[in-house]
Structure formats: C-alpha cells, structure tokens
Amino acid sequence: MLAAVALTLLLVFAGTNAYSQCAMCRATVESNVGTGKRHNHEPESKVGLGLNTGILYLMVIPYLLIGTVGFLWYKNSRKKA
C-alpha cells in the first residue's frame, strides 16, 4: 500500500509540460502559421495557446463531473451508514 501511494505521489508531482494538441489541431495551426494566416488578427503564438487552453478545458470537464458524482455518492453512502 505504501509503495502504491509513493508511486502515485511521484507520478503526480513529477509531471512535465505536455502539449495537448491532437494531430488534426496541430496540423491546422502549423498550416496557418506556415501560410501567414492569423486567427482574429492575433499573433501566431496566441493561436496555439488558445487552442491548447480550449483542449485542456474540454479534457478537464469529464473528470470534474465524474469526481462530483463520486464525491456525492461517497457522501450519501457515509450518511446512510
């Protein structure tokens, strides 16, 4: 049990920066940067940053929903006991 907790903590705190673009999104950003097109007249760096932020937002929502349901389920089961 201690080894599992230690491994979990190690993996949580030893994270690296991750680029969260799917292959299709990455290709779109690269083609826009390559052709000089800009999204809403913004610099190229903001296009990629906004895309990454949107993808991370979409990734977090299901985890929040599952966590909320799990917490409410746990709280309800403790209340009954």
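Ground rules next. I am working on a predicted model, where local features need pLDDT of at least 70, side-chain atom pairs count only at pLDDT 80 or more, and totals for chains, interfaces and linings use all residues. I number residues from 1 along each chain as its sequence is written, and side-chain values use heavy atoms, with hydrogens and water left out.

Fold: I find three helices and zero strands, in the order α-α-α. Both are DSSP runs, numbered from the N terminus (helices H or I, at least four residues; strands E, at least two).

Confidence: I checked pLDDT, the predictor's confidence in each residue, from 0 to 100. The protein averages 77, with 69% of the residues at 70 or above.

Burial: I call a residue buried under 20% relative accessible area, exposed over 50% and partly exposed in between (1.4 Å probe, protein chains only). Of the 81 residues, 6% count as buried. In H1 the number buried is zero, so this helix lies largely in the open.

Last entry: I picked out Leu65, which sits in helix H3 (residues 44–80). Leu65 counts as exposed because its relative accessibility is 56%.
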